[in-house]
Amino acid sequence: MLAELINPYYLQVLSFILINIILGVSIYITLSTGQLSLGHAGFMGIGAYASAILTLDYHMPLVVGIVVGAILAGIVGLCIGIPTLRLQGVYLAIATLGFGEVIRVLFINLEGLTKGAVGISSIPHIGRELVKGLQDFGFKASMIGLKNNQLISLSVFLLLLIITLLIIAFFIRQTNSRVGRAFAAIKMDERAAEAMGVNITYYKVLAFAQGAMVAGFAGALFAHVTAYISPADFSYHRAVEILIFAIFGGSEVIWGPIFGAAFLTAMPEILREVNEYRYMIYGVLLVVMMAFRPQGLIDTQMIYKLKQRRKKKGVS
Amino acid sequence: MLSVKNINTYYGNIQALKNVSIDVPEGSIVTILGANGAGKTTTMKSIAGLLKPRDGKIEFLGQDVTGKTPDQMLSRGLALVPEGRAILSGMSVLENLEMGAFQRRDKEVKQDLEKVMDRFPILRERRSQLGGTLSGGQQQMLSIARALMSRPKLLLLDEPSMGLAPLIVQDIFRIIQEINADGTTVLLVEQNARQALKIAHHAYVLETGKVVKSGPAQELLHDPSIKEAYLGH
């Protein structure tokens with residue numbers, strides 16, 4: 001019964017949804033101080049390549065590779081965030097777009113390290129490593145009536161689910177803390193925030209580095225879920241895709257990009273024949289959203305209304 | 001308490017302040033008067049750390065604070081109520097007030113919140129309303145209340161009467177006097193020269209970036225050339 005329900009293909013799609021949700025959260029953090037970044041594909045790539053190279057060439061454990069990949073992306077984010085701090089809106093977007101392309105070209109040209117345009121294959125797979133670990137404890141897939149590949153997909157999905165929930169919980173907490181208030185004040189009016197004694201340099205760089213780190217983390221997970229990465233995975237298209245999660249879903253509340261990522265990743269899988277037109281649809285979506293609902297599908301007001309309704313129900 | 005010595009501030013190549021010197025004694029209200037473009041706001045921004053003077057010296061509470069950032073100035077006890085109020089329009093009145101206490105980590109923030117809402121009853125009434133939906137006068141009160149939430153020793157007010165109805169202007173000036181009576185030193189920039197001189201102890205007159213006159217407010221109120229230029233007949 002259970003065995004029939006667990007279809008590795010569905011689990012794979014769900015896993016990609018979770019990774020994209022993490023990417024959606026990463027762009028949300030940067031946007032929550034009003035900084036528009038198109039460099040998140042680059043940060044994602046740094047995390048992915050760093051973790052792939054560390055685990056494959058230097059035989060580090062997966063955990064070390066992923067954590068180092070995320071931290072490295074965060075450090076690069078810090079280095080990009082400080083000089084681009086003076087840039088706003090479209091200028092920052094162009095600067096970060098340039099950064100993303102530089103990173104991609106580096107992946108292509110540093111052939112000794114990255115294997116160039118061919119990409120890196122047979123990267124250690126999270127699921128296989130996990131199942132191997134379980135087997136060492138004497139646990140086998142057949143013990144719960146599953147095939148090995150089912151258990152692999154299931155373990156990947158469950159692990160990603162836990163990680164995603166932890167990340168979401170962390171950033172919800174942060175949004176409601178003084179850091180979150182500082183982010184919101186900077187987004188609304190930088191000058192006013194400054195007059196209130198908010199150190200805007202610190203908080204803007206913090207948001208940028210956090211976003212970069214989370215994107216790098218998602219990239220590292222991506223590398224160990226697909227087991228194959230190439231520079232094309234981290235191109236301009238990816239940067240736009242990440243941004244669309246936030247634009248479509250909304251960037252005012254964290255649920256916006258989460259919904260955007262989930263919906264836009266699931267849609268092409270459900271409507272197979274649409275997949276080819278994916279980027280065309282994204283383009284149309286961008287134009288339509290900007291014209292009719294520039295704040296995205298889920299905004300502050302919607303969350304407020306939902307809360308009010310729940311309160312009312314609770315009273316009656 | 002505050003002593004500004006010969007500061008020169010530039011916007012690119014344009015010199016906006018020329019050797020401006022201002023003294024604000026503890027417990028007083030000092031006002032800076034001048035026409036549009038005289039450099040009043042530039043002076044305030046230079047003091048609060050929003051602009052960096054190219055040379056000159058600013059001392060606050062006996063320490064050299066030249067070139068400090070706005071958040072460092074605030075933590076030393078200097079709060080600015082910026083020109084145009086700078087309300088966070090997407091946050092509620094209460095959240096705006098809490099942002100005023102952003103740097104504070106003591107437990108008396110709640111108590112102070114009650115205090116400023118006692119001083120500005122309208123803010124208590126509207127506390128869950130979004131800042132952007134308040135009227136001009138209410139926004140000005142919110143802006144002053146928010147600055148008070150940081151427990152400033154010196155309060156900088158940049159044209160608090162701008163764009164407000166005469167009756168509300170009266171209110172604002174009364175409140176400024178009350179705040180001063182409670183022990184906060186005030187540096188006030190105003191276009192409304194007569195009102196400002198009436199409540200101030202000391203006044204400076206700026207013209208094209210230079211201090212052209214200074215003295216006790218009462219004296220300036222009766223100075224013929226000031227009457228001519230700023231007060232009308």
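**A residue and its surroundings**

Leaving out residues up to four places away in sequence, Leu78(B) touches Ala48(B), Phe60(B), Met73(B), Pro152(B), Leu154(B) and Leu156(B). The model is a predicted one, and the values that follow are computed from it.

- Leu78(B) is part of strand E6 of chain B, and because it has 28 C-beta neighbours inside 10 Å, where 20 or more are required, it counts as buried.
- Leu78(B) and Gly56(B) are 22 residues apart along the chain, and their C-alpha atoms are separated by 19 Å.
- With neighbours within four places in sequence set aside, Leu156(B) is in contact with Leu78(B), Ala79(B), Leu80(B) and Val81(B), and also with Met44(B), Ile47(B), Ala48(B) and Leu187(B).

- Helix H1 of chain B, residues 40–48, is mostly covered, with nine of its nine residues buried; among them are Lys40(B), Lys45(B), Met44(B), Ile47(B) and Ala48(B).
- Gly49(B), which follows H1(B), has a positive phi, near 95 degrees.
- Helix H6 of chain B, residues 136–148, has 13 residues and reaches 18 Å from its first C-alpha to its last, close to the 18 Å expected at 1.5 Å a residue.
- Eleven of the 13 residues of H6(B) are buried, so this helix is largely enclosed by the rest of the structure; the buried residues include Gln138(B), Met141(B), Ile144(B), Ala145(B), Arg146(B) and Leu148(B).
- The cover over the buried residues of H6(B) includes, from chain B, strands E6 (78–81) and E7 (154–158) together with helices H3 (93–100), H4 (109–119), H5 (121–125) and H7 (166–181).

*Nonpolar core*

- The largest nonpolar core has 153 residues, and those with the most contacts inside it are Ala145(B) and Leu156(B) from chain B, with Leu23(A), Ala185(A) and Ala218(A) from chain A.
- Helix H11 of chain A, residues 200–226, contributes the largest share of this core, 16 residues.

*Chain B as a whole*

- Chain B has ten helices and ten strands, and its C-alpha trace spans about 45 × 40 × 30 Å along its principal axes.
- The radius of gyration of chain B is 17 Å, which agrees with the value near 17 Å that a compact globule of 233 residues would have.
- Of the 233 residues of chain B, 45% count as buried, and among its contacts with a separation of 6 or more, 66% join residues 24 or more positions apart.

*Contact between chains A and B*

- The contact takes 18 residues from chain B and 15 residues from chain A.
- On the side of chain B that touches chain A, helix H2 (70–76) and H3 each supply at least two residues, and H2(B) gives the most, with four residues.
- The residues on that side of chain B divide into ten nonpolar, six polar and two charged.

*Annotated spans of chain A*

- An unreviewed UniProt entry carries the annotation "transmembrane region" for several stretches of chain A, including residues 9–31 and 63–83.
- Residues 9–31 of chain A are 100% helix and 0% strand in the model, with end C-alpha atoms 33 Å apart.
- Residues 63–83 of chain A are 90% helix and 0% strand, and their end C-alpha atoms are 31 Å apart.

Notes: Residues numbered from 1 in each chain as written. Chains lettered and ligands numbered in written order. Predicted model: local features only at pLDDT ≥ 70, side-chain atom pairs only at ≥ 80, totals over all residues. Expected span 1.5 Å × (residues − 1). Buried ≥ 20, exposed ≤ 12 C-beta atoms within 10 Å, placed from the backbone. Contact = placed C-beta atoms within 7 Å. Nonpolar A, V, L, I, M, F, W, Y, C, P; charged D, E, K, R; others polar. Rg over C-alpha atoms; globule rule 2.2 N^0.38 Å. UniProt positions renumbered as here; feature names shortened; annotations may be inferred. Core = buried A, V, L, I, M, F, W, Y, C linked by C-beta atoms within 7 Å.
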